[in-house]
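The numbered points take up the ligand and then a sheet.

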Amino acid sequence: MAEIFTGSFTQQEPIPDEAIAAAVAVMRHGRLHRYNTAAGEIAETAALEEEFATFTGARYCLAVASGGAAMRLAMRAAGVGPGSSVLTNAFTLAPVPGAIAALGAVPVFVETTPALTIDLADLAAKARPGMVLLLSHMRGHLVDMEALMPIAEGAGLRVIEDCAHTMGAAWNGTPSGRHGLAGCYSTQTYKHMNSGEGGLIVTDDADLMARMVLLSGSYMLYDRHRAAPGPDAYATLREDIPNVSSRMDNLRAAILRPQIPLLADRTARWRLRHDRLEAGLQGIPGLHTIPRPPQELFVGSSFQFLLPGRDGPWIDGFLARCFARGVELKWFGRRTPAGFTSSHHSWRYAPEQALPKTDAVLAGLIDMRLPLTFSLDDCDQIARIIAAEAVSNAPAPAIPARQGD
Ligand SMILES: *Cc1c(COP(=O)(O)O)cnc(C)c1O
């Protein structure tokens, strides 16, 4: 009998006891809204912002309702509006072009390299002064930031980083989210800190921060923010910026604060699991893992590999055989969106764009979640199953590969 993996690819670790206790305390006093504080009380949300600013080394931090809200606020504060063209990675997830579309702006997709990062030559070709680049560190793969930033600055771009998969990561010692004008993070369950839903934005720019605080819905209570500029920054803006209600609440903030000190340990444990899988998938004909540059401190909360040269029917069979053995893989080359793995072809609210390099990469790109609930032995077993099925031509089993989640 072929071995079968029985773990769950969608099971994250539980919320730490300290975070549960903090959440219960907020529910007991009932002041869940971030501006509902007792005399002298510092709201959990304001404390979270201070602590996350310190964690990233940023001057300012704003907690918001989601990663998508973080990107919308940062772009809007940077002047993106109806009709603006916004550069972004062609290889990313739907909330990224969705955030651009939500502002009435138009995504301009930049090609993807086989390292799964943004193609710098294509970026330089498509850049126009004044544009925003919403740079998505998709699946935690960091582009050479020391090469990208001079290109962006030379072309007059402002860079907003989508760090949904790089919270805790760094390029050559600089935390992800700290190269551009602003860094946007998600605290949704599948990311590196878990509050169900939630988002964080960091920046050093006082004007941008003041605009984001007002946009988020601060009801002129911006002086309650601690990781934010003083009242002068709001003086000329306060009646001109609409309230688009995107706040975080104290319950989520209470759940998140105790998770910040855990990020370094989580990163180390994710890295062990990632490296174990990578080691188990070396030397398999037709299967390429993604090389990671030495400057990249990555988190490894998911795993990707390429099957170049395999056609769609073969990949469908491979996915079905792996699934029958308990290994849930996703394929970014599928033309119809399947769960998280949609591609630029299915974002029809954006103008259709020719992206041959990206399509060539996506055609063979396989993606896997790597929850921390997997042991290292689990990773070895998953690698053995993938390795065996990657060189098999057995017919697909009757159970179809799951399309969703
Ligand atoms: C999850 C995710 C987001 C958005 O985060 P939400 O909190 O779900 O809105 C943005 N970019 C990428 C790449 C993501 O995976």
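1. A polar contact is a pair of N or O atoms within 3.5 Å; within protein, one must be able to donate a hydrogen and the other to accept it, and residues adjacent in sequence count only if both atoms are side-chain atoms. Ser-186 places a polar side-chain atom 2.7 Å from an oxygen atom of the ligand. For His-165, the distance from a polar side-chain atom to an oxygen atom of the ligand is 2.6 Å. Asp-162 has a polar side-chain atom 2.9 Å from a nitrogen atom of the ligand.

2. This is a predicted model, in which local features need pLDDT of at least 70 and side-chain atom pairs count only at pLDDT 80 or more, while totals for chains, interfaces and linings use all residues. Residues are numbered from 1 along each chain as its sequence is written, and side-chain values use heavy atoms, with hydrogens and water left out.

3. How many residues surround the ligand? There are 15 (each with a heavy atom within 4 Å of the ligand), and the closest are Gly-67, Gly-68, His-165, Ser-186 and Lys-191. This shell comprises 5 nonpolar, 8 polar and 2 charged residues; here Ala, Val, Leu, Ile, Met, Phe, Trp, Tyr, Cys and Pro count as nonpolar, Asp, Glu, Lys and Arg as charged, and the others, Gly among them, as polar.

4. Which element gives the most to the shell around the ligand? Helix H3 does, with 3 residues. Helices (H or I, at least four residues) and strands (E, at least two) are DSSP runs, numbered from the N terminus.

5. A separate point concerns an open sheet of 4 strands, whose order is S10-S12-S14-S13 and whose pairing is antiparallel; two strands pair if DSSP finds at least two bridges between them. Strand S10 (288–289) and strand S13 (330–331) are the edge strands, each pairing on one side only. Between S10 and strand S12 (residues 302–306) there are 2 bridges in the antiparallel sense. His-288 has Leu-306 as its bridge partner in S12.
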